[in-house]
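Dear colleague,

I am passing on the structure below, and would be glad if you could read it alongside the notes that follow.

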Amino acid sequence: MPRPGFVLEVDRSTPPTLFWRGEGFSLEKLPADRSRVIYGPEPLAPLKDIDAAIRHALDHPVGSEPLRALLRPGMKLTIAFDDVSLPLPKMRRPDSRQRVIEAVLDLAAEAGVDDVHIIAALALHRRMTEAELRHALGDRIYDAFAPRGLLYQHDAEDPDALAYLGTTPKGEEVEINKRAAESDLLVYVNINLVPMDGGWKSTATGLASYRSLRHHHNVRTMEHSRSFMDQHRSELHKSNWRMGKVLVDSGVKVFQIETTLNTDTFPSPFEFLSKREWEWSARERATYVATTKALGRTPSRVARKIFHSIEAPHQMTSIQCGEVGAVHQIATEHVLRQQLVEVQGQTDILTMGIPYICPYNVHSIMNPILVTCTGLGYFFNLYRGKPVIRKGGVVIMAHPTPWQFHPVHHPSYIDFFEQVLADTTDPAEIEANYEKAFAEDEWYRHLYRTGYAYHGVHPFYMWYWAAHGLQHCGRVIIVGGEPRAVRRLGFMPASTLDDALEMATDVVGRDPTITHLHTPPLLQAEVT
Amino acid sequence: MKALVFERDIPRFAAARVAASFRPGRGARFGPLSLDDVDPPELPGPSWQRIRPRLAGICGSDLSTIDGLSSRYFEPIVSFPFTPGHEVVADDERGRRVVLEPVLGCVARGLDPPCTACARGDLGNCERAAFGELAPGLQSGYCRDTGGGWSTQMIAHASQLHPVPANLSDEAAVMVEPTACAIHGALRWPIHEGDVVVVLGAGTLGLLTIAALRRVTPAGVVIAGARYPHQRRLARELGADRVCAPDELPRLVRRLTGSMAYRDQLTGGCDVVIDCVGSSESIQQSLAIAKPRGAVVLVGMPSAVKLELTTLWHRETQIIGAYAYGTESLSPRRRRRTFDLAFGLVRDADLGRLVSATYPLTRFDEAIDHAANAGRRGAVKVAFDLRDEKERQR
């Protein structure tokens with residue numbers, strides 16, 4: 001029986017706590033009697049027979065007829081799936097998407113459906129490589145569909161491949177992939193890693209154009225999503241739901257499939273990275289020492305390659321299909337069952353180790369903008385109720401934050417970092433003064449459409465993602481970060497955690513309370 | 001009188017060059033520059049007079065000479081030993097403060113009729129820099145007969161002297177000569193309304209060029225490549241719309257001009273680049289960011305450089321030199337002396353603030369070191385201060 005998450009009160013006997021630092025980690029002693037560490041629940045048991053569960057779910061959907069009843073010869077069927085940004089780290093083969101889509105295709109074949117397109121719903125993310133598509137979908141699907149042009153990637157900049165469906169009552173334009181919009185049935189296959197994933201966000205975001213996305217990927221929405229992991233208080237969620245209604249009203253028929261995973265994040269011999277430090281075995285302690293020493297001597301490029309080759313052992317814990325809203329509600333309950341931790345009261349200082357990966361640097365570099373997004377966007381927002389950190393508190397992140405960018409994946413990030421952040425770090429000012437030029441830049445558009453680049457506007461979204469955190473926190477300090485890069489972000493660099501805690505006293509006074517977010521694996525703090 | 005004297009001494013040239021390879025400006029200590037007691041220069045004719053420098057700036061071309069890095073091209077048009085210093089504000093024999101226009105054209109050399117360039121008013125293009133009544137020397141400060149500003153006394157032809165208005169400080173006045181160079185550079189290639197112009201380098205000349213572009217051309221967007229924080233601040237204050245580190249320029253130019261790129265090579269680019277550095281790297285970068293059929297204006301003095309010119313050939317880029325000043329065409333019917341424009345610009349843009357430090361002649365090696373490392377030391381213009389009467393009387 002997996003143990004639930006809990007909050008450890010740090011005392012003098014508490015061993016040092018693990019902090020991720022990009023492609024590395026360290027053990028840090030937190031001040032006794034005023035620090036606490038939030039640990040997520042242990043990984044839930046996976047479904048016993050995943051393929052049987054998938055077949056069962058397809059035959060017993062919620063709020064919908066079974067999938068086989070929706071399939072008929074001559075129909076247009078489109079299967080969309082979450083892109084390379086999920087799950088993290090990538091899962092061992094077979095990936096959940098492969099299992100689910102194979103089952104859907106079996107039913108389609110039985111029903112005599114022969115007009116099937118499979119689309120990677122990547123919104124403004126970079127296109128997936130062949131290797132990534134094969135990993136997510138398996139060789140059988142790839143070889144059957146890709147050579148015939150029936151497996152492809154959503155292009156949010158192809159005017160001929162987009163369909164405008166109308167506006168929400170709030171004036172939000174809804175424009176999505178034309179093939180998906182005009183199909184008799186759209187089957188969307190999700191991996192819900194966090195509560196924000198899935199629901200109408202899948203179609204209304206994953207298959208949308210910039211024209212549509214800009215209505216919810218903006219500063220106002222992010223600042224009013226408290227947090228965007230809590231669908232009841234998320235403006236992002238509400239906007240996607242309004243767009244979902246436009247989709248339904250336009251006749252887009254969606255059969256939603258949402259799967260959840262447990263938090264079994266790291267394979268042997270690195271399972272200890274998810275464990276509570278005092279439970280590390282002697283062998284695990286030795287592995288930690290050997291790994292940190294080896295990483296210290298490894299060039300960062302090589303270390304990055306090693307880390308990105310990690311395939312997580314996480315397993316499917318649930319699958320539900322049918323009507324979007326009903327499916328998403330159940331899937332979210334499963335996610336929360338795996339990740340929710342009760343936390344009493346806010347803290348003055350929130351510490352977090354930023355790992356080597358986030359949704360936008362798979363097989364790539366965690367550049368300074370993504371460090372910000374991961375810390376102040378994702379980790380800061382891992383809450384329901386109130387933020388873990390009090391208003392005006394200090395966030396301390398640990399990450400090397402090198403002034404480094406992947407030139408193929410993140411070309412507009414380089415310009416954003418050099419040209420925009422040099423001018424201002426204020427999200428609203430950035431949005432007003434720079435977004436349009438980046439979004440409409442022909443060069444970025446070309447790289448997004450033909451190469452493996454994130455869309456020109458994507459770094460803006462990463463910065464907006466952090467807008468609520470930036471607004472809420474009094475100071476941000478990055479331990480071990482390259483000073484020049486950290487300052488460009490508008491934050492303060494510190495050499496050690498002790499230095500950072502000392503620097504934080506200007507803002508939060510002497511003897512502040514400290515809370516460390518022990519993630520990954522992912523958790524959601526229910527702050528009361 | 002006291003003067004810094006630059007001798008023709010080959011071994012010490014070599015020593016300067018070696019010393020400078022360790023740290024710019026070291027040539028002052030090991031090269032052929034020394035502080036000497038010398039006889040005042042003789043007046044070549046009635047139109048000449050003695051002037052007593054008040055401030056004399058240290059220019060990039062002076063530093064190249066001292067560090068043994070300047071081109072052998074200059075050998076026939078300088079005469080040794082000479083006293084450097086061509087950015088000069090001085091007291092003339094009538095007690096007026098004057099700025100020296102150092103180019104030694106036909107009129108100063110007593111040549112009548114003047115050469116075609118001098119007749120046009122383009123003094124910098126004078127074809128007689130090694131002829132006439134004076135020893136060879138393209139400017140005062142490189143001519144054996146005239147002396148230079150790095151001394152307590154030199155001589156100047158009446159045509160070289162411009163009275164300084166009472167409301168202009170010495171610091172502002174000493175910026176007039178380099179400002180004239182910058183204005184000439186800014187006007188050397190026609191800049192049209194809305195053009196995107198990049199200024200590469202934000203030392204004295206770069207900053208002055210930015211100021212000049214803003215005031216004497218209709219440039220649309222002025223982008224500055226500046227290495228140091230104080231340079232970036234000043235570049236913005238003087239009129240640059242966008243400022244970035246030099247290595248960030250290609251990406252900024254690409255984005256602001258809506259250019260595409262073949263990998264790192266821009267397909268388009270800016271209309272004009274004004275290179276105020278003059279190194280192989282800066283010229284190469286200038287060629288990479290100028291649009292096809294665009295222009296690269298070399299304001300910074302280059303020496304022997306190594307260039308990959310395929311870009312120039314393929315993009316039909318023009319490289320244009322911009323030396324000194326003379327008369328500028330502001331419109332088909334309107335020509336003005338560059339120095340007159342420079343006085344106005346120095347006053348309007350408060351360019352005297354660019355003088356960061358002054359030194360007495362006796363601390364010349366410190367002064368040269370400061371000037372040669374001005375950027376990293378947070379400085380812009382370094383000058384010799386010769387206003388101490390005791391020094392002047394020695």
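Glu418(A) and Arg251(B) form a salt bridge, with their closest N and O atoms 2.2 Å apart; the term stands for a side-chain nitrogen of Lys or Arg within 4 Å of a carboxyl oxygen of Asp or Glu. Please keep in mind that this is a predicted model, in which local features need pLDDT of at least 70 and side-chain atom pairs count only at pLDDT 80 or more, while totals for chains, interfaces and linings use all residues. Residues are numbered from 1 along each chain as its sequence is written, chains are lettered from A and ligands numbered from 1 in the order in which they are written, and side-chain values use heavy atoms, with hydrogens and water left out.

Between chain B and chain A the count is 4 salt bridges. The contact (heavy atoms within 4.5 Å) takes 14 residues from chain A and 10 residues from chain B. In chain B, the residues that lose the most area to chain A are Arg251(B), Arg255(B) and Met260(B), which together make up 48% of what that side buries, where buried area is the accessible area (1.4 Å probe) that two parts lose on being put together, summed over both. For the two chains this comes to about 1100 Å², of which 47% is on carbon and sulfur atoms.

As for the cysteines, the count is 0 disulfides over all chains, a disulfide being a pair of cysteine sulfur atoms within 2.5 Å. The sulfur of Cys373(A) has its closest cysteine sulfur in Cys358(A), at 6.0 Å, which is too far for a bond.

With best wishes
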